Amino acid sequence: MNMSSSNIEYLLTAGDPSEVDALFAEARRLRDEVYGRRVFLRGLVEVSNHCLNNCLYCGIRRDMRCQRYRLTKEQILDCCRTGYGLVFRSFVLQGGEDAWMTDERVCDIVRSVKREFPDCAVTLSLGERGYESFARLREAGVDRYLLRHETADAGHYALLHPQEMSFDHRMQCLLDLRRLGFQVGCGFMVGSPGQTVETLKKDLAFIDEFRPEMVGIGPFIPAAGTPFENEPAGSVELTLRLLAIIRIIHPHVLLPATTALGTLHPTGRERAIRAGANVVMPNLSPQDTRALYSIYDNKLSTGSEAAETVADIRARMQAIGMEMPVDRGDFCLKQTP
Ligand code: SAM
């Protein structure tokens with residue numbers, strides 16, 4: 001399928017449903033060629049909602065007056081134990097940019113997880129750090145790092161973030177992570193305030209050039225109490241088209257059907273899989289802290305048990321003809337036989 005800049009623009013805005021169906025079919029074909037009809041699970045553990053940043057969109061930004069928490073190493077290990085028993089072989093430890101999460105503490109947590117679950121991949125998503133810090137994390141055994149670039153347009157970045165945050169530094173972090181041998185994930189919100197077709201084209205060009213192992217995109221959802229609380233949510237339809245386009249420009253990428261999609265539409269994640277996604281990230285965080293990690297309003301499955309969530313997702317995936325293997329779900333450059 002033609003992925004020239006003008007065709008991308010056309011596909012993002014086309015009104016003809018048959019064009020959109022053809023886009024999704026091509027994305028599914030390419031995904032199936034590389035990964036088969038398999039959806040990989042990642043167990044998400046929300047380790048801390050403390051954050052020193054003040055991103056204008058985020059419900060756990062520094063200025064939010066909300067109850068803060070951080071999990072102990074033992075709590076994190078307990079989440080992984082539950083997940084391991086439920087077939088997870090990949091854990092994502094995510095949190096705000098929390099100064100308490102020093103290299104020593106994070107490395108200690110990572111080493112403990114790796115010691116107990118040597119067959120599992122560990123992904124961190126703890127925000128920006130320096131090169132030396134990333135190097136220590138890598139040395140401790142971290143396999144992957146998720147750091148959404150948020151937007152590839154510096155002007156748009158400045159609209160979404162306070163002045164003290166730097167677009168160049170965020171991009172530098174992604175380069176550092178790549179250089180250190182992490183599997184790297186970038187990504188952005190769809191429909192964030194100030195986003196245009198032009199900024200989206202820059203995001204796609206960045207993905208095409210950087211070739212990340214993972215791309216996380218999901219609709220922007222307003223969070224009460226933030227400067228963007230009255231902004232409209234991003235479009236599910238546009239998110240699906242972008243997922244398909246990303247799959248086509250980078251067929252090997254690991255592409256999550258994000259919780260934000262499931263939050264905005266009851267079958268948002270199934271629709272994402274039908275548009276070429278191949279990862280789901282159920283929440284393994286303790287039940288009493290889930291509601292506190294409220295990066296946006298009405299976040300999905302804040303109340304349900306991990307086992308319940310996995311059973312629900314498995315049924316949803318089976319209903320659309322996808323399997324969920326017991327697998328780390330590594331980035332793969334080969335095609336399925
Ligand atoms: N602190 C880490 C970082 O900066 O990468 C990870 C945590 S941060 C809360 C994870 C992601 O949540 C962000 O990269 C952002 O894209 C997404 N996010 C934050 N607020 C959101 C909102 N209101 N709607 C949708 N996604 C949001």
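The structure described here is a predicted model. E139 belongs to helix α5, which covers residues 131-139.

E139 may also be compared with T289 in position. These two residues are 150 residues apart in sequence, and their C-alpha atoms are 30 Å apart in space.

## A buried residue in a loop

Is S285 buried or exposed? With a relative accessibility of 2%, S285 counts as buried, because that class requires a value under 20%. S285 is part of the loop that runs between β8 (279-280) and α12 (287-290).

Which residues does S285 touch, once its neighbours within four places in sequence are left aside? The contacts of S285 are L44, V45, E46, C79 and R290.

## The surroundings of the ligand

The ligand is surrounded by 19 residues. The closest of these are Y57, G95, R148, E150 and I221. Sorted by class, the shell around the ligand consists of 10 nonpolar, five polar and four charged residues.

Several polar atoms of the protein can be located relative to atoms of the ligand. For Y57, a polar backbone atom is 3.0 Å from a nitrogen atom of the ligand. For E150, the atom concerned is a polar side-chain atom, and it lies 2.5 Å from an oxygen atom of the ligand. R170 likewise has a polar side-chain atom 3.1 Å from an oxygen atom of the ligand. On its own, the ligand has 560 Å² of accessible area, and the protein covers 93% of it.

Most residues other than glycine have a negative phi.

V87 has a phi near 85°, a positive value in a residue other than glycine. V87 is located in the loop between α3 (73-85) and β3 (90-95).

N298 also has a positive phi, near 60°, and is a residue other than glycine. Where in the chain is N298 found? The loop between α12 and α13 (306-319) contains N298. N298 counts as exposed because its relative accessibility is 71%, and the cut-off is over 50%.

Notes. Residues are numbered from 1 along each chain as its sequence is written. This is a predicted model: local features need pLDDT of at least 70, side-chain atom pairs count only at pLDDT 80 or more; totals for chains, interfaces and linings use all residues. Side-chain values use heavy atoms; hydrogens and water are left out. Helices (H or I, at least four residues) and strands (E, at least two) are DSSP runs, numbered from the N terminus. Buried means under 20% relative accessible area, exposed over 50%, partly exposed in between (1.4 Å probe, protein chains only). Contact means heavy atoms within 4.5 Å. A residue is near a molecule or strand if one of its heavy atoms lies within 4 Å of it. A polar contact is a pair of N or O atoms within 3.5 Å; within protein, one must be able to donate a hydrogen and the other to accept it, and residues adjacent in sequence count only if both atoms are side-chain atoms. Accessible areas come from the Shrake-Rupley method with a 1.4 Å probe; for residues, only the protein chains shown count as cover. Ala, Val, Leu, Ile, Met, Phe, Trp, Tyr, Cys and Pro count as nonpolar, Asp, Glu, Lys and Arg as charged, and the others, Gly among them, as polar.
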